[in-house]
Amino acid sequence: MDYLSIILLATGLSVLFNSILKRFEIPTVIGYILTGVVVTTIFHLHGDFTQQLHHIAEFGIVFLMFTIGLEFSFKHLARMKREVFLYGTLQLLLSAAVFGFFAYKMAGMRFEGAMITGLALGLSSTAIVLKMLAESGQMHAPFGRKAVGILIFQDMAVIPILLMITIFSSRSSDLESMLLQTAVDAVAVAIIIFLVGRYLLEWVLAQIARTNSTEIFLTSILLIVVGSAQLAHFFGFSYSLGAFLAGMMLAETHYKYKIEAELVPFRDILLGLFFVTVGMQIDLDVVARNIGWILLTAVVVMSLKFATVFLFLRFFTRPRVALKTALALSQVGEFALAVFALAQANQLLDARITQILLSAIIVTMILSVFILAHVRDIADRFFPEPQPEFTRPESAGFTNHVIICGYGPLGRKVAAELKRQGVNYLILEHDIHRMEEGQKSGEPIFFANAANEEVLRHFGAREASAVIVAVDNAKHLRLICEALDAVAPEANVVAKAKTRSEAELVMGLNVDHVVIESEEMAKLLVAEAMRCRLFGGNRAPMH
C-alpha cells in the first residue's frame, strides 16, 4: 500500500473540497468527511488501516475537549447558570427521551443502543452554531445567549455519554460494582490532576514561559494534554476526560489565552483527520440502497429536535426567541459522529443503522448552515418584531474598549494616558516578563498573542472602539495587522512603525493611521530647535 499517495490524495482533496464548500459557507467538517469517502473508495481502505488511523485521529477530539475545558471556568458558568444548567438539561433530556423512544419502539433497537442514540441525536454542532453566530454578530442576542448556554451543557455531557458507551459495552455482569469502581477512579483522576495543577503546574509553566521560546512552551502544553489523557486512560476512562480536566485546570490561569491560541492549529488538523476517518466508515453501497431513509431520517430528526426545543423554551421566553434558538440547535453535531462510530465499534449499534444515522447527520449539518444564515428572516415570517431584540450583558464580553497590542515602553505610556482620560482598555502581551510587570502595576493585561485571530475575536476586536498596535518587532506588527484585517476589517486601527520601510509592511491592510516614529521624532526635534532659537535658547521642559 502506497501510504504517501494516500496522504497526498487526502490532503489535495481536503483542500479542494473545503475551498469549494467555503464559498457556500458549508463547514469544513463536510469537506473532510467527503475526503474520507472518496479516498476509501479509490484505495479500498478498510479494516486495520482505517482503525489505526482512527486511533491517531482520536486525539483531535482530545484537543477539542481540552480547549472546551479551557472555556469551562466556574466564573463563566455562574454568569450563565440558567442557560447552561436549566435550559441545557431540559434540552438534552427531552431530546434524548423523544429520540430514544422512537429508536426503541420504531427502529427496534436494544435499550442501551436506543439510549445512546437518543443522547447523541440531542447534541448540536458547537462548531457550526458558534461560527455562524460570531460571523452574524448575534452571539450576545437573547437567542444566541441561550443557544450558547445549551451548547456548553452539551459539551459537558459528551464525557458522560462516552462513559455510558464504555459501561454498556462492558462484559462485566456486576454493574453496581463497575459503577462504584468507575466513580472511585473518576475521583482519583480528578484529585491527581487537581493537585498537580494547583501546586505544580503554574510554577512549571511560569519557568517555561520565561525562556521566551514558543517551541518549548508549546511542547510543554502538548505534554500536559497527552499526559492527562494517558492518565485518564490508565484508570479506564476516555482520553477526552483527562484532556477536559486538564483544560479546566488551566482555565483560571493567565496562560489560558496563549495556550488556546497556540493549540488551535494542532486541534483543527487532528480534528480534520478524525472526520476523514469518519468519512472512511461511510459505505457508499449502504448509502445508495438507503438514500430515502437517510433523507427521511434527517428531516424527522431536525423537525423533532426543533419542536422539542421550541415547546419547552416557550415557557421561559418570548416565542420569537424560542423559535430562533430552536432553529439554531436543530442540527445534529460533530460529536454525535464520534459517539455513533464508537457505539458501533463496541457493537451497541447495527452497522446499517449507523451508516444511515451518520449520513443523516451530515445532511442536517449542511441544512443548518443555510437555516442559521436566514434565521432572522424565518423568525420574521412567524413572529415579526419591528425592533430586533439585542442586549449585550456587561459580563458576556468586551465592548467599546481600546485594545493595546504590546506592553513595551510605548504601550505603557499609551495605557497611562488612556487611564488618565478614563477610557476602558485592555492590553495583550505575549512576553511573560512584560505581562508580569503589567500585573504588578494593576493593569488589565492578558498573556496572549495579538497576532492570533482567535485571541482577537475573544477580546472583542470587532467591538473595540480602537486598536493601538505598539509592538517593537516589524514582523509581529505585520502579523497583528493581518489578523486584524481578517477578524475586524471595520476596526479603527492605529499602528506605530519605527521607519517608513516598516510602515510600508502594513500598506494595503486595514490600518487607519501609521505613526512613523523616526519622522515624528525628527519633526519634534526640529520644532524644539526652532522654538529654542526663537526664544533665545531657553531650556524646554522634557516631553
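In which helix does Lys146 lie? Lys146 lies in helix α8, where helices are DSSP runs of H or I with at least four residues, strands are runs of E with at least two, and both are numbered from the N terminus. The structure is a predicted model, in which local features need pLDDT of at least 70 and side-chain atom pairs count only at pLDDT 80 or more, while totals for chains, interfaces and linings use all residues. Residues are numbered from 1 along each chain as its sequence is written, and side-chain values use heavy atoms, with hydrogens and water left out.

With a relative accessibility of 11%, Lys146 counts as buried; the term buried stands for under 20% relative accessible area, exposed for over 50%, and partly exposed for values in between (1.4 Å probe, protein chains only). Neighbours within four places in sequence aside, the contacts of Lys146 are Glu83, Tyr87, Thr317, Val321 and Thr325, contact being defined as heavy atoms within 4.5 Å. Tyr87 stands 59 residues from Lys146 along the chain, yet their C-alpha atoms are separated by 7.6 Å. Thr317, another of these partners, belongs to the loop between α14 (291–313) and α15 (319–328). Thr317 is buried as well, at a relative accessible area of 17%, and beyond its neighbours within four places in sequence it touches Lys146 and Ala322.

The interior comes next. A nonpolar core is a set of buried Ala, Val, Leu, Ile, Met, Phe, Trp, Tyr and Cys residues joined through side-chain atoms within 4.5 Å. The largest such core holds 128 residues, and Phe66, Phe217, Ile221, Tyr255, Ile259 and Phe340 have the most contacts inside it. Its main contributor is helix α8 (residues 142–169), which supplies 15 residues. Apart from this core lies another, of 33 residues, including Ala261, Leu428, Ala448 and Val469.

A search of the whole structure finds zero disulfides, a disulfide being a pair of cysteine sulfur atoms within 2.5 Å. Cys405 has the sulfur of Cys481 as its nearest cysteine sulfur, 8.4 Å away.

On the outside, Val187, Ile191, Phe194, Leu195 and Tyr199 form a nonpolar surface patch with about 540 Å² of accessible area together. Val187 sits in helix α9 (residues 175–209) and is partly exposed, at 48% relative accessibility.

Two loop residues complete the picture. Asn212, in the loop between α9 and α10 (214–234), has a phi near 55°, a positive value in a residue other than glycine. Asn212 is partly exposed at 47% relative accessibility. Gln347 likewise has a positive phi, of about 60°, although it is not a glycine. The loop that holds Gln347 runs between α16 (334–345) and α17 (351–373), and the residue is exposed, with 64% relative accessibility.

Technical notes. Patch = residues over 30% accessible without salt bridge, like charges linked within 9 Å, V, L, I, M, F, W, Y side chains within 5 Å. Areas by Shrake-Rupley, 256 points an atom, 1.4 Å probe, with all protein chains shown as cover. Salt bridge = Lys/Arg side-chain N within 4 Å of Asp/Glu carboxyl O.
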